[in-house]
Amino acid sequence: MDKNTITITDNRDGKTYNFDILDATVGPSVVDISTFYKKTGMFTYDEGYTSTASCQSKITYIDGGAGKLMYRGYDISYMANEKTFLDTAYLLLNGELPSKEKLEKFSLEMKKRSYVHEGIKKLYDSFPDYAHPMAILSAGVSALSTYYFKHLKINTPEEYKEMANRIVAKVPTLAAMSYRYSNGLPIIYPDINKGFTENFLYMMRAYPHEYVELKPIEIKALDTIFTLHADHEQNASTTAVRNLASTMAHPYAAISAGIGALWGRSHGGANESVIRQLEMIASVDNVDEYIAKAKDKNDSFRLMGFGHRVYKNFDPRATVLKNIRNELMDELGISSELVEVAEKIEKIALSDEYFIKRGLYPNIDFYSGLILQALKIPKEMFAVIFVIGRTPGWIAQWSELTQQKNIKIARPRQLYTGPIDRTPK
Ligand code: ACO
């Protein structure tokens with residue numbers, strides 16, 4: 001018998017079925033069950049895909065046990081410490097890191113494509129004050145398809161490149177506009193002389209005819225946040241993007257769906273919850289009480305920003321961000337009660353048996369919320385920042401699926417548990 005197979009026995013009738021095992025470059029192998037229904041007449045059941053690989057991918061690798069995350073084979077700490085977000089975006093979109101010349105060209109293209117059609121302003125005008133920026137951004141990305149309707153079918157590498165560059169370049173402008181509109185602030189156009197991340201921060205903060213100071217450490221901190229969020233293999237929003245791609249939907253619709261999925265508080269909203277919780281704890285004197293609540297089995301309270309479904313030893317993104325947070329706070333001279341509360345929680349939790357035993361370490365959201373707050377980015381924009389970072393990852397995943405030879409539309413089956421034959425005879 002072929003060793004690279006698995007045999008399943010149906011104990012009801014003793015029948016056996018063989019399935020191929022496919023090996024990964026690194027990480028768990030998978031059992032190819034694509035013929036399972038045909039062979040056995042049954043479906044497999046795995047709510048939340050906890051044991052299911054939904055695709056083959058060459059983009060991002062995570063080893064939760066070892067605290068490892070790689071984009072196209074490059075370690076996340078190398079990307080965050082040695083490279084910029086534009087390097088990362090280029091790598092995800094094109095499979096290779098850019099040379100100096102290619103990076104310069106890419107950066108120039110990002111600047112040139114950062115302007116959006118003036119018609120978008122009319123769309124944004126129609127939203128009420130205080131509309132959530134995620135809702136506005138999702139509508140804005142979807143609306144891009146109306147301006148580029150002649151370019152919705154992507155057939156050649158050139159068409160892919162143009163579409164990918166267009167979306168990555170315009171999302172920060174749409175994102176900053178979403179914030180300005182929802183707060184009744186004047187729109188700030190992109191500044192062609194500013195780099196990608198600097199430009200976004202500028203569009204968030206500037207006022208017409210007023211000088212705005214953007215410190216290099218602030219730009220570096222935000223750029224690192226974008227890099228750390230750029231892809232995370234088959235998470236909920238990426239799965240949403242891939243599901244749309246499988247129907248041959250155009251990328252604007254797919255990215256807009258990704259934004260919708262990311263808006264959910266179990267996905268992109270966690271760093272906002274960290275800040276809200278720190279504000280609720282409010283004082284270092286209250287920390288012990290809340291740590292006790294987090295450990296109490298009869299209390300549903302959880303420490304936000306601790307624990308992760310995949311990373312059980314440490315979150316490699318959090319390690320990078322902790323250093324950036326310290327650097328940023330030192331340089332900006334920020335020392336708020338909130339930061340002290342966060343530091344005390346971190347110190348206690350890292351040495352407490354309850355958290356150590358369960359592998360509960362600070363995750364990326366624990367640090368990113370504090371950094372974004374120090375950058376004066378309002379809480380409702382936190383998920384929007386995540387979108388800017390994740391956009392190249394979504395496009396790369398969209399492209400990987402649509403370039404496959406035999407694209408199968410995503411169409412899971414179900415275990416039906418409802419009533420039958422209720423129609424009156
Ligand atoms: N505070 C206190 N206890 C916790 C926490 C926490 N933040 N997280 C998990 N635990 C405990 C659970 O009570 C459980 O204890 P038990 O074994 O005694 O019953 C044990 O640790 C395992 O918890 P699970 O919920 O089974 O772990 P899971 O891997 O399913 O959950 C999750 C991971 C959802 C992230 C969880 O740790 C959590 O709710 N954290 C707080 C929210 C948060 O920070 N989310 C952001 C995640 S990062 C991201 O999405 C980008």
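Tutor: Start with a term: buried means under 20% relative accessible area. The model is a predicted one.

Student: How many of the eleven residues of helix 17 are buried?
Tutor: Helix 17 covers residues 364–374 and is largely enclosed by the rest of the structure. Its buried residues include Ile-364, Phe-366, Tyr-367 and Leu-370.

Student: Which helices do the buried residues of helix 17 pack against?
Tutor: Contact here means heavy atoms within 4.5 Å. By that criterion, the buried residues of helix 17 pack against helix 9 (216–228), helix 12 (270–281), helix 14 (316–332), helix 15 (337–351) and helix 18 (382–402).

Student: Which residue caps the N-terminal end of helix 17?
Tutor: The cap involves the backbone nitrogen of Asp-365, with a side-chain oxygen 3.0 Å away. That oxygen belongs to the capping residue, Asn-363.

Student: What is the angle between the planes of Tyr-124 and Tyr-181?
Tutor: The whole structure has 16 aromatic pairs. In the pair of Tyr-124 and Tyr-181, the rings lie 5.5 Å centre to centre. The pair links helix 5 and helix 7, with the two residues 57 apart in the chain.

Student: Is Tyr-181 buried or exposed?
Tutor: The relative accessible area of Tyr-181 is 18%. The cut-off for burial is under 20%, so Tyr-181 counts as buried.

Notes: Residues are numbered from 1 along each chain as its sequence is written. This is a predicted model: local features need pLDDT of at least 70, side-chain atom pairs count only at pLDDT 80 or more; totals for chains, interfaces and linings use all residues. Side-chain values use heavy atoms; hydrogens and water are left out. Buried means under 20% relative accessible area, exposed over 50%, partly exposed in between (1.4 Å probe, protein chains only). Helices (H or I, at least four residues) and strands (E, at least two) are DSSP runs, numbered from the N terminus. A polar contact is a pair of N or O atoms within 3.5 Å; within protein, one must be able to donate a hydrogen and the other to accept it, and residues adjacent in sequence count only if both atoms are side-chain atoms. Rings of Phe, Tyr and Trp (its six-membered ring) pair if their centres lie within 6.5 Å; planes under 30 degrees apart count as stacked, over 60 as edge-to-face and the rest as tilted.
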